[in-house]
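Dear colleague,

Please find below the structure that I am handing over to you. A short account of its features comes after it.

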Amino acid sequence: MSDFIFTEMEIDAIGEISNICLGNAASTLSMIVRQTVDITPPRVEIIEKSEYIKNVSTKKVFVKVSYVEGLQGCSILMLEEQDAKAIADLMMGSDGHGDFAKMELGELHLSAVSEAMNQMMGASATSMSVMLDRKTDISTPDTQFMDNGQYMAYTFPNDDKFVKVGFRLTVEGVIDSPIVQLYPHNLGKAISDLFLIKKAKEKAAKGEA
């Protein structure tokens with residue numbers, strides 16, 4: 001049971017990492033859509049899957065990124081349907097409100113969003129490599145449009161505790177929405193542990209110097 005408990009220091013560590021990684025991901029998205037992209041400082045919480053599904057049961061675009069080097073596990077980024085369509089529309093060279101954004105969400109939208117997230121989360125993984133002092137690499141994202149409960153039950157049948165990283169994403173004049181990133185508790189623990197170990201080593205090295 002103690003493995004499920006995160007200390008304040010561990011939660012702060014995840015927040016610090018997320019702030020840098022998501023900031024670099026936002027900069028990458030800005031280059032992709034050729035618009036100003038901003039994010040708010042992330043808020044980190046520990047949640048239960050069952051409670052989350054009960055309180056939020058709508059269809060969303062889920063972007064699953066698996067770690068293939070440096071870490072084990074996967075993270076999930078959740079987007080609102082309209083935001084995914086707006087990102088895809090911007091990538092097609094429109095203004096985020098064009099015909100592509102008005103179409104019913106389909107494979108073309110999901111493919112475009114997956115491409116954007118691949119670059120964004122690749123930038124995030126590069127930042128994480130530096131912050132954890134460990135080479136970190138990701139798989140090609142798997143993007144699905146599904147109901148919250150159906151997706152979470154399908155993807156995480158044996159996990160109930162998650163680290164929820166919430167922030168607000170704005171793309172000038174197009175998107176202003178809350179975004180959620182989820183880590184299974186064991187991956188969140190691994191990330192915070194590696195970061196705190198690195199900081200402890202740096203502190204010890206400065207003390208010796």
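Predicted model: local features only at pLDDT ≥ 70, side-chain atom pairs only at ≥ 80, totals over all residues.

Residues are numbered from 1 along each chain as its sequence is written, and side-chain values use heavy atoms, with hydrogens and water left out.

Helices and strands are DSSP runs numbered from the N terminus (helices H or I, at least four residues; strands E, at least two). Helix α3 spans residues 81–91, and nine of its 11 residues are buried, so the helix is largely enclosed by the rest of the structure. Buried means under 20% relative accessible area, exposed over 50%, and partly exposed in between (1.4 Å probe, protein chains only). Among the elements that cover the buried residues of α3 are α1 (8–33), α5 (107–132) and β7 (161–171). After α3 comes Gly 93, with a positive phi near 95°.

The structure holds zero disulfides, a disulfide being a pair of cysteine sulfur atoms within 2.5 Å. Cys 21 is in none, as the nearest cysteine sulfur, in Cys 74, is 16 Å away; that distance is too far for a bond. Cys 21 is buried at a relative accessible area of 2%, and Cys 74 is buried at 8%.

Thr 143 belongs to strand β6 (residues 142–147) and counts as buried, with 12% relative accessibility. Its side chain makes a polar contact of 3.4 Å with that of Ser 114. A polar contact is a pair of N or O atoms within 3.5 Å; within protein, one must be able to donate a hydrogen and the other to accept it, and residues adjacent in sequence count only if both atoms are side-chain atoms.

There are seven salt bridges in the structure, each a side-chain nitrogen of Lys or Arg within 4 Å of a carboxyl oxygen of Asp or Glu. One of them joins the side chains of Lys 189 and Glu 10 (3.0 Å, N to O). This pair links distant parts of the chain, with Lys 189 in helix α7 (residues 185–208) and Glu 10 in helix α1, 179 residues apart. Both Lys 189 and Glu 10 are buried. Another salt bridge joins Lys 161 and Glu 48 (3.2 Å, N to O). Lys 161 lies in strand β7 and Glu 48 in strand β2 (residues 43–48), so this pair ties together parts 113 residues apart in sequence.

Yours sincerely

Note on methods. Contact = heavy atoms within 4.5 Å.
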